[in-house]
Amino acid sequence: MKNPIVIVGAGLSGLRAASLLTAKGIKCRILEARDRIGGRVLSISDSNRPDLGKYDLGPTWFWPQYESTISNLVKELNLETFAQYTQGAMLAERSPYEAPQRYILPENSGARSIRFIGGVQTLIDAIADTIPSGLVELETRVTAIRKDEAGPITVEAELPDGKRKKVSASAVILALPPRIVARHIEFSPSLPPNLMTELENKPTWMAGQAKAVVIYDRPFWRESGLSGFVSSWVGPLQEIHDASPETGSGALFGFFGIPAKVRQELSEDEIFKLVIDQLVRLFGFEAQNVSAIFYKDWAKDSETAVEEDLDPLRDFPSYGQPLKAGIWEKKIIFAGTETNSQFGGHLEGALQSAEQAVFKIVNLNNKPL
């Protein structure tokens, strides 16, 4: 191949695809609109209190019982993990007028979920360490992909200073949410209309979600025989879990039940107050003693969500490989967790999609690379 494979997106799928291509001696470049790698993986800490640990505002878990791709990669990269804390009773909050009810779940009632010491960002960073320095170009927003009959593919991108750059490519891996592709990238010639419709109608995983993580000096709820797991019909958090590191400080994280459009009418301070008030209702006055609080509304992230993603999902989306790309077939390859039919929405799905994309690059061009 004279020109490199251009990968659009430096999330888990894009980075893994670059790692696999590099290992096969295939030239590639990653163009990423954000000023960081990781995409929807986001592990953060308090800059004033790094001792409190790192916490995930994006995906948190994987399930080694049935997710072999990520399990094998974690072993290969020698990453440290630990099991999600689930000991003790769960709480169910059904009404604002009733105290939350305690329930002891049957042992082994759910699949064993595993977390990363240091957050999922450790997986991102470990994969990034397997690719050459300088291969990822940050703050490089792809705006158009063009194909001449006689020439190579040209990828056009916008830089932070408003300047534009053009990159020649043998093929392009789109490691982006399908709706972001449809909304923000111009194709010339155009993608087939039925493919564009499919991309526009495929919900982006997590795009309508928001997540809060509240940090304490210790996981005090465990002292009361509670696991930290809560199911709430009252809110604002509808599902809460223990987010504590393996040792040290304590933490609770929750997914919001408030729709994205309603959240956007509230200030961050108002949201924080609602969250703390709920945790006090559930876990007692000690829940007021907050060391730090982190919040990420993915619906406000323009690299993740489009307007259609603000509507709450009523069913699990149907994910999988998009329809045939017409004249773009074998030149544009879709990756990302939404393109995996079995594990769509999971880290496993993102990794499997990267493997599938690289397989197509290597095997579908009908010539040795």
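Ala212 has Gly254 in β18 as its bridge partner. The model is predicted: local features need pLDDT of at least 70, side-chain atom pairs count only at pLDDT 80 or more, and totals for chains, interfaces and linings use all residues. Residues are numbered from 1 along each chain as its sequence is written, and side-chain values use heavy atoms, with hydrogens and water left out.

Start with β18 and its neighbours. Helices (H or I, at least four residues) and strands (E, at least two) are DSSP runs, numbered from the N terminus. Two strands pair if DSSP finds at least two bridges between them. Strand β15 (residues 210-216) is joined to β18 by 6 bridges, and the two run antiparallel. Strand β17 (residues 237-242) also runs antiparallel to β18, with 5 bridges. Here Glu239 stands opposite Phe255 in β18. Strand β18 itself spans residues 250-256. Of its 7 residues, 6 are buried. Buried means under 20% relative accessible area, exposed over 50%, and partly exposed in between (1.4 Å probe, protein chains only).

Thr204 lies in the loop between α5 (193-201) and β15. Thr204 is buried, at a relative accessible area of 2%. Contact means heavy atoms within 4.5 Å. Neighbours within four places in sequence aside, Thr204 is in contact with Arg40, Pro177, Arg179, Thr304, Asp309, Tyr319 and Glu338.

Now turn to the parallel sheet. This open sheet has 5 strands in the order β9-β2-β1-β13-β20, with parallel pairing. β9 (136-137) and β20 (332-334) stand at the edges with a single partner strand each, so one side of each has no neighbour in the sheet. Strand β13 (residues 171-174) pairs with β20 over 3 bridges in the parallel sense. Leu174 stands opposite Phe334 in β20. Helix α1 packs on the sheet and touches β1 (5-8), β2 (28-31), β9 and β13. The direction of α1 makes about 170° with that of β2.

Helix α1 also packs against other helices. Two packed helices are described by the angle between their axes and the distance between the axes. Axes are lines fitted to C-alpha atoms, for helices over the stretch in contact, and angles run from 0 to 180 degrees between N-to-C directions.

Take α3 first. Helix α1 (residues 12-23) and helix α3 (residues 121-128) pack at about 30°, with axes 9 Å apart. The two are therefore roughly parallel. Angles under 35 degrees count as roughly parallel, over 145 as roughly antiparallel, 65 to 115 as roughly perpendicular and the rest as oblique. Leu12, Leu15, Arg16 and Ser19 in α1 meet Leu123, Ile124 and Ile127 in α3.

Then α8. The axes of α1 and α8 come within 8 Å and cross at roughly 40°. α1 and α8 are therefore oblique to each other. The residues of α1 that meet α8 include Leu12, Ala17 and Leu21. Their counterparts in α8 include Leu347, Ala354 and Ile361. By class, this contact has 10 nonpolar, 2 polar and 2 charged residues. Ala, Val, Leu, Ile, Met, Phe, Trp, Tyr, Cys and Pro count as nonpolar, Asp, Glu, Lys and Arg as charged, and the others, Gly among them, as polar.

Thr69, Ile70, Ser71, Leu73 and Val74 are buried in α2. The buried residues of α2 pack against α1, β5 (81-83), β8 (114-116), α3 and α8 (347-363). After α2 comes Asn78, with a positive phi near 60°.
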